[in-house]
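Reader: I would like to learn how to read helix packing and pockets in a structure. Please go through them one at a time.

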Amino acid sequence: MSFKRIVYHEISGNRLVSRAKSPVVSVILFSLLVFFMFAYSMVSNVSLQSAVLTGKEDSELMQTNKFTRKMNSGVVLPISLTISTQRNMIVEADSEHQFKGRIRRKLPEPDIFRSDELTKKFHGRVLEFFNRECELQFFMTWISTAESFGIREILAVESVFKSHPNGCLMILSRTMDSPQGYMVLQPLLDRGFKVQAVTPDFPFLLKNTPAEAWFDDIRSGKKDPGVIPLAQNLSNLMRLAVLYKYGGVYLDTDFIVVNSFKELKNTIGAQSIDSVSKNWTRLNNAVLVFDINHPLLLKFIEEFASTFDGNKWGHNGPYMVSRVVHRVEGIPGYNFTILPPMAFYPVDWIKIVKLFKMPKNPAESKWVEAKLHQLNGKSYGVHLWNKQSSKLMVEEASVIGRLISEHCVLCKQVYAC
């Protein structure tokens with residue numbers, strides 16, 4: 001029996017019992033009847049709306065899950081489709097408006113773009129630092145915190161001075177250009193080595209280069225920075241710009257120098273070669289040696305700006321230098337040298353793990369000795385492929401352990417990095 005019928009019979013029964021009573025009672029009973037009927041109607045409507053909304057949300061969730069499965073399976077979506085971050089729904093959007101909105105939300109590195117007293121002094125500090133007896137001028141970049149400039153990075157810096165005791169090393173970094181960064185470098189400064197961290201001035205470095213307009217568009221939100229961290233791509237550009245403005249040697253902070261660079265001039269290294277033809281198949285930008293205003297650097301900067309893609313790892317770095325050199329190699333006026341992998345990348349990133357391992361038997365110990373002899377005799381340095389090896393411990397008596405021990409100057413905590 002329904003709720004309405006129960007209420008009705010109950011009230012009707014009361015009417016029969018109280019037929020002889022006062023009319024006031026009848027009015028009260030009638031009011032109660034109206035109230036219960038109204039309450040029943042409200043409860044029914046709320047239940048119905050709840051069921052409809054629940055069904056709608058379940059339907060939207062099912063559609064979203066289907067969409068997620070399609071994305072995970074590799075289905076390519078039209079450019080006009082985007083995911084609403086507020087409702088988990090697929091919505092139609094104008095691609096240009098979608099693009100601009102996404103960019104404005106994705107410019108996360110205010111320190112990189114900030115102009116202040118430090119950036120204004122950049123050029124003067126560079127000239128002052130290198131206006132001394134420098135066997136060679138080296139550059140590194142550091143886009144992380146000063147706290148993360150750890151033991152392994154310090155050992156890489158030490159290796160520069162082991163092979164170039166009279167060299168000058170500038171680290172382009174806002175975070176290291178601080179009291180904390182100074183403390184990190186102080187043990188080297190106390191030994192008399194010429195190393196300094198300087199906050200870069202991007203507008204100055206890129207002024208009158210093909211990347212000047214690109215940088216303005218990125219900074220103003222007119223150009224898509226992509227999903228790759230913008231700081232990483234700016235590091236790729238900064239190394240090119242600083243060498244173009246000042247000349248010298250650029251090194252990644254996961255590179256151990258084992259021999260002097262003094263005889264190198266306008267040089268880039270091959271990461272891999274064809275086993276049959278012996279021609280290079282890929283170059284890398286972890287080590288660059290170039291004179292000031294070299295035309296190849298200008299070509300690199302131009303390619304960076306004109307083909308920039310912030311969604312593809314390596315597109316604006318190793319792949320970029322490979323594309324440019326492939327086009328200009330052999331053309332008069334560029335005058336540069338490509339060294340084989342043994343020079344800077346003697347161990348591929350896939351095989352770098354083996355160099356961190358302790359030898360476990362006489363055969364492995366013999367292999368370590370042979371590898372060390374090869375590296376010390378034929379390589380200018382060893383790229384450690386930090387993306388692959390950063391979580392590996394340098395084990396005692398390993399190739400990397402021995403190599404660092406032989407090419408450090410402070411030599412603290414070699415096996416703790």
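Author: Start with a definition: angles under 35 degrees count as roughly parallel, over 145 as roughly antiparallel, 65 to 115 as roughly perpendicular and the rest as oblique. The model here is predicted, so local features need pLDDT of at least 70 and side-chain atom pairs count only at pLDDT 80 or more, while totals for chains, interfaces and linings use all residues. Residues are numbered from 1 along each chain as its sequence is written, and side-chain values use heavy atoms, with hydrogens and water left out.

Reader: How are α12 and α13 placed relative to each other?

Author: Two packed helices are described by the angle between their axes and the distance between the axes. Axes are lines fitted to C-alpha atoms, for helices over the stretch in contact, and angles run from 0 to 180 degrees between N-to-C directions. Helices (H or I, at least four residues) and strands (E, at least two) are DSSP runs, numbered from the N terminus. Here helix α12 (residues 295-306) packs against helix α13 (residues 318-328) at about 125 degrees, with the axes 10 Å apart. The two are therefore oblique to each other.

Reader: Which residues of α12 and α13 make the contact?

Author: Contact means heavy atoms within 4.5 Å. From α12 come Leu296, Lys299, Phe300, Glu303 and Phe304, and from α13 come Met320, Val321, Arg323, Val324, Val325, Arg327 and Val328. For classes, Ala, Val, Leu, Ile, Met, Phe, Trp, Tyr, Cys and Pro count as nonpolar, Asp, Glu, Lys and Arg as charged, and the others, Gly among them, as polar. This contact has 8 nonpolar, no polar and 4 charged residues.

Reader: At what angle do α11 and α12 pack?

Author: The angle is about 150 degrees, and the axes are 9 Å apart. That makes α11 roughly antiparallel to α12. Asn233, Asn236, Leu237, Leu240, Ala241, Leu243 and Tyr244 of α11 meet Leu297, Leu298, Phe300, Ile301 and Phe304 of α12. These residues divide into 10 nonpolar, 2 polar and no charged.

Reader: How is a pocket read, and what volume has the largest pocket?

Author: Rolling a probe the size of a water molecule over the atoms shows where empty space is left. On a 1 Å grid over the protein atoms alone, a pocket is an open set of points where a 1.4 Å probe fits, with protein on both sides within 12 Å along at least five of seven lines; lining residues have an atom within 4 Å of a point. Grid points are joined across faces, edges and corners, and a volume is the space filled by probe spheres set on the points. The largest pocket has about 1000 Å³. Its lining has 33 residues, and Gln232, Asp252, Asp254, Trp313 and Lys387 lie nearest the centre. α11 gives the most to this lining, with 5 residues. By class, the lining has 10 nonpolar, 16 polar and 7 charged residues.

Reader: What lines the second largest pocket?

Author: The second largest pocket, of about 320 Å³, is lined by 14 residues, with Tyr345, Pro346, Val347, Asp348 and Lys351 nearest its centre. β8 gives the most, with 3 residues. The classes are 8 nonpolar, 2 polar and 4 charged.
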